[in-house]
Amino acid sequence: MLAQTTSYNGSTAFPAPGTPGGAVVPSTVIPNATSASGTPYTLPSGYDSPVSSSGTVSGYGTSEAPIYTPTLPADGTRGGANGVNGAADASGTGTTAVPSGTGTVSSLIPSANDAPIPGVAGAGEATSSRSGLGGLSSFFGSAATTPIAVKPSKAAFRRFQISGRHENSPQISIEIDENTGQRIAVITGGVNIVVEGLQNEAMNSVIQGDVLDLSAENIVIWTQADFQSPTGANIQSADQPMEIYLSGNIEYRQGEYYITADRMYLDVQKQIGAILNAELIAPIPDHDVLMRLHSELLRMTGPGSFSAGTSYLTTSQIGLPRYRVQVSSADLQMAKTPRYDNFGTPILGADGNPLYDETRFAETRGNAIYLDRVPVFWWPKLSTNLDRNDYYLTHARFRNDKIFGFQAITDWDVYQLLGLSDPPAGLEWNLSLDYLTKRGFGHGTDLHYGNVNADPSGPLAGTMNGFIDYWGIYDSGYDNISKYRSHMEPPHKYRYRVFGQHRQTLEAADWLGGDVQFSGELGWAADRNFMLQYYPDEWDERKNESTDLEIKRMIDNRSMALRGQVRLNDFVTETQWYPKFDHYWIGQDLGQALTWSEHTSLGYADFKTLSQPDTQQNPDDAFRYLPWEIDSNGNPLHAKGGRFVTRHELAWPIQLGAFKFTPYVLGEAGYWMKDVSDESISRLYGQAGFRSSLPFTGVNSELQSDFWNLNGLAHKATLEVNGFYADANKDVSEFPMYDNLDDWSMDAFRRRMYPYIYPTIPSSLAPDPAIPWKYDIRSYALRGGMQNWVSAPSMEMADDLFMFQVALNQRFQTKRGGISRQRIVDWFRFDSRLSIYPKKDRDDFGKLFGLFDYDSRWQVGDRLAFTSVGMFDFFTDPLQFATFGSEWNRVNGDSAYLGVHWLGGPGVPQTTLIGSYNYRMTDCWRSEFTMTMNLEKAKDINQSFDLVRVGESFEVLAGFNYNYATEVWGMHFGVTPVALAKALGTSSQTTTLDTLGRHGTF
């Protein structure tokens, strides 16, 4: 073994045993260990059995990791009470006080099979005092106190292995520096060195730690330890200095990180160094993307920490990327950080240990975004989590049309712009900056949060999710919404939309009696046309953006909710609640036979009809109130008052073999303070009926057909029948429709549709009696049997009705796949439902049958399917529709659809051809096309074509679109960094960018 001697810098000689500052007798002699004067080294009493080793001890000190457990005496009874378990590197003197944590260590560097030799504390001034582990105590002091037991640390070792990089063995020469005693190894001809940080528990158990893998043409190694095997495994203490210099085609690997360089210096012990002409490549978690940092000088400032001068960041892997962030200086930190809750308390896992997140932070200065060799953006400082996978700019689009002009639409990361390197977990904050040449500057911000625990230990403990989104514009143009609604002047110059949703689960909220859910929503737009002009997809397809608060508690089959709602948008008809309480109890067993269900609603309602648009300002904006929006005198309805309704059902499920039969009775009692005539009204409603179902199956395992892709055929069907007779003492038309049945967008369409279907109606805004009841939305709700269910969404929808509903749901199933991987698939599915009205004159406009609907799908193969869906009535001139289409797709993402949509009814017969495809022509090129054509008039409705170039750095999209309704041709162009496209889980396709919402369809 090798011995290393550290001299004690005391002013007194080596104290004899039993003297002040020396060892306390009785003591045990350590074999083969002597002091500088030749006196045998002794181990003070209180230590474990002696250890066998050799070497020279000069002065008193302690080893960094003794393998025994000493008992520390009190101050004044023996010198060095605290020093026996500490690592000390500063020398003390015999005449001055020795600070806590310092002292002289005389350490022996053992081989892998030797145990370290402990030292003892050096001499110190009588006034020195004990203060914590690792420090020196006084040799003289106060009276003795109770001994303190201390558990020693484990000895740490490092192993490195040298091997050839190429087929030929490397040339190795080893020299010893006479001044420092260091071993210097010079290795040429291609060399690979693997360094492992190890821990030794029992000298026969090796635990592998971090691994550092280095390769270069030439390497120089400085270390204090000898090379036991120059081209094999070498083990040394982890606290030993080890420095490495590399040159020539350097490759550095540690974990997931990879560095290439021309020259490198590395201090293995401290994990610091310098790298010339370096490129650091690291993966971005959860995405198939690599982050690349190129720097002329890259400094390693600690484990997982880097500092660079002039550099660039990119996800491109080519030499000089076309898309990059150029920086004047950068600091990168890649480490594991502990998880904390919002109150700074560490979050523990199931095993009780702290949880950690792998984080990759970058802070850069003098930032410029380059497209090829042209700088397009500059910012002084950037701090970001590299796991976010984007730099400043999160989305960018460019378009041009005659409604908005040229449009530059951008979204920016606010945390990066503010230089915040560690934003709150679960939060995303973006800034929207847009320029529309024909409308003005648009601006806004959105904040998204998910799985955030706002109060981990308080009364509001639980997770919350939601967002808030604001966007506004000082609008200098005109609205152009359709062919008949063009050049409309906005009612306000400054226009905006704010929309937010929040949901929070309060877990085990004892103060509320158990788990509860808190929800809130905010929806506010400047005027009636703003959403349809700037957010058309959101207006047409999403739920109503209302403003309300709700707290709900659910226990098994029960729920109760308290809700308040206000109307902020006067261009929609909506009910305000101050507040409303709902209680549900569904399917509760009563004994062995009966089940009971209940819904009770109590609230104070304020029905507010929308305001009339300014027809003088926009004469082409056709408008008429809907029948349920007016009172008995034809004026806009405003009903305000309390409503109490309770509805109950008692059912008796009977199982007769495979046949299930459930007779039931349903009753309701309700009171409304205001009806459509501004009078109070009450209603009693009763219903009796039955529900039944019968499943049946047929199997033909011998049916085989390669042409029809059949391997056996099973027919599974369920016949369901629901019949009931209902009677109410009040007509449904007498009640305000507090619970709206349809979306605002559909109601707005109906208000504009009626004047075109019935153009002879006078100028009055009240609906004309010529508009039949059969087209009223309330008629469809009643004839569809909405009142049949206790949990019906509208408490007003109930009236006299005698009806049977017959439904047949069918599946034809076969097996596909290899013999060992066969799976069951629906080869053909056909679901249908028909309503039968025995009192046809009262309930279905003279027809026995009505409201027939179906939904079918024929899966011809795994990649080809034919679909159809439709709904029909059988009275004169009904509203009805049907679609027929085919779908085709491939594994690589290619897809196509071709279908015909037919719509029939008064004033709106139309047959539409719809087609689309997404085709990857080559690895670099993809095209997309959609079109809609009116076959009745042989006119295009809209068309859109996109050509996408998939490059190494970018996806570049260019295309055009045409909208017949607005008579607008448009062109659009988009450039998306590949990293961003992959982070979104898709390329820059139209459907993905449409979700941004602003300014219509891309």
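Me: What is the mean pLDDT of the protein chain, and what percentage of its residues reach 70 or more?

Reply: This is a predicted model, and pLDDT is the predictor's confidence in each residue, from 0 to 100. The mean over the protein chain is 75. The share of residues that reach 70 or more is 72%.

Me: Which element of the protein chain has the highest mean pLDDT?

Reply: The protein chain has eight helices and 49 strands. Among these elements, the lowest mean pLDDT, 27, belongs to strand β6 (residues 108–109). The highest, 96, belongs to strand β33 (residues 594–608).

Me: How many contacts beyond four places in sequence does the model have for residues 198–209, where pLDDT stays under 50?

Reply: Another stretch with pLDDT below 50 is residues 979–996, which has 41 contacts in the model beyond near neighbours in sequence. For residues 198–209, pLDDT also stays under 50. The number of contacts there is 26.

Me: What percentage of the contacts with a separation of 6 or more is between residues 24 or more positions apart?

Reply: The protein chain has 1002 residues, and buried residues make up 46% of them. For contacts in the chain with a separation of 6 or more, the share from residues 24 or more positions apart is 57%.

Me: Which helix gives the most to the lining of the largest cavity?

Reply: A search of the whole structure finds nine cavities of 30 Å³ or more. The largest has a volume of about 200 Å³. Of the 16 residues that line the largest cavity, the closest to its centre are Arg485, Arg528, Ala748, Arg751 and Arg752. With four residues, the element that gives the most to this lining is helix α4 (residues 744–757).

Me: How many charged residues does the lining of the largest cavity have?

Reply: By class, this lining has 10 nonpolar residues and one polar residue. The number of charged residues is five.

Me: Which element supplies the largest share of the lining of the second largest cavity?

Reply: The second largest cavity has a volume of about 130 Å³. Of its 16 lining residues, the closest to the centre are Met531, Trp539, Asn544, Glu545 and Trp744. At least two lining residues come from each of β29 (514–525), α3 (536–541) and α4. The largest share, three residues, comes from β29.

Me: Which residues touch the most other members of the largest nonpolar core?

Reply: In soluble globular proteins, nonpolar side chains tend to be buried together. The largest nonpolar core here holds 45 residues. Those that touch the most other members are Ile193, Leu214, Ile221, Ile244 and Leu298.

Me: Which residues does Leu214 touch, not counting residues up to four places away in sequence?

Reply: Leu214 is one of the residues that touch the most other members of the largest core. A second, separate core of 23 residues includes Ala605, Phe735, Met737 and Leu782. Leu214 touches Val191, Asn192, Ile193, Ile244, Leu246, Glu251, Tyr252, Met264 and Leu266.

Me: What distance separates the C-alpha atoms of Glu279 and Ile259?

Reply: Glu279 is in strand β15 (residues 272–284) and counts as buried because its relative accessibility is 17%. Among the residues Glu279 touches are Ile259, Arg292 and Tyr312. Glu279 and Ile259 are 20 residues apart along the chain, and their C-alpha atoms are separated by 5.4 Å.

Me: Where is His487, which has a positive phi although it is not a glycine?

Reply: Most residues other than glycine have a negative phi, and most peptide bonds are trans. The phi of His487 is about 50 degrees. At 56% relative accessibility, His487 counts as exposed. Its place is in the loop between β27 (463–474) and β28 (494–509).

Me: Is the peptide bond from Tyr578 to Pro579 cis or trans?

Reply: Pro579 lies in strand β32 (residues 574–590). Omega for the bond from Tyr578 to Pro579 is near -10 degrees, and the bond is cis.

Note on methods: Residues are numbered from 1 along each chain as its sequence is written. This is a predicted model: local features need pLDDT of at least 70, side-chain atom pairs count only at pLDDT 80 or more; totals for chains, interfaces and linings use all residues. Side-chain values use heavy atoms; hydrogens and water are left out. On a 1 Å grid over the protein atoms alone, a cavity is a set of points where a 1.4 Å probe fits but cannot get out, and a pocket is an open set with protein on both sides within 12 Å along at least five of seven lines; lining residues have an atom within 4 Å of a point. Grid points are joined across faces, edges and corners, and a volume is the space filled by probe spheres set on the points. Ala, Val, Leu, Ile, Met, Phe, Trp, Tyr, Cys and Pro count as nonpolar, Asp, Glu, Lys and Arg as charged, and the others, Gly among them, as polar. A nonpolar core is a set of buried Ala, Val, Leu, Ile, Met, Phe, Trp, Tyr and Cys residues joined through side-chain atoms within 4.5 Å. Buried means under 20% relative accessible area, exposed over 50%, partly exposed in between (1.4 Å probe, protein chains only). Contact means heavy atoms within 4.5 Å.
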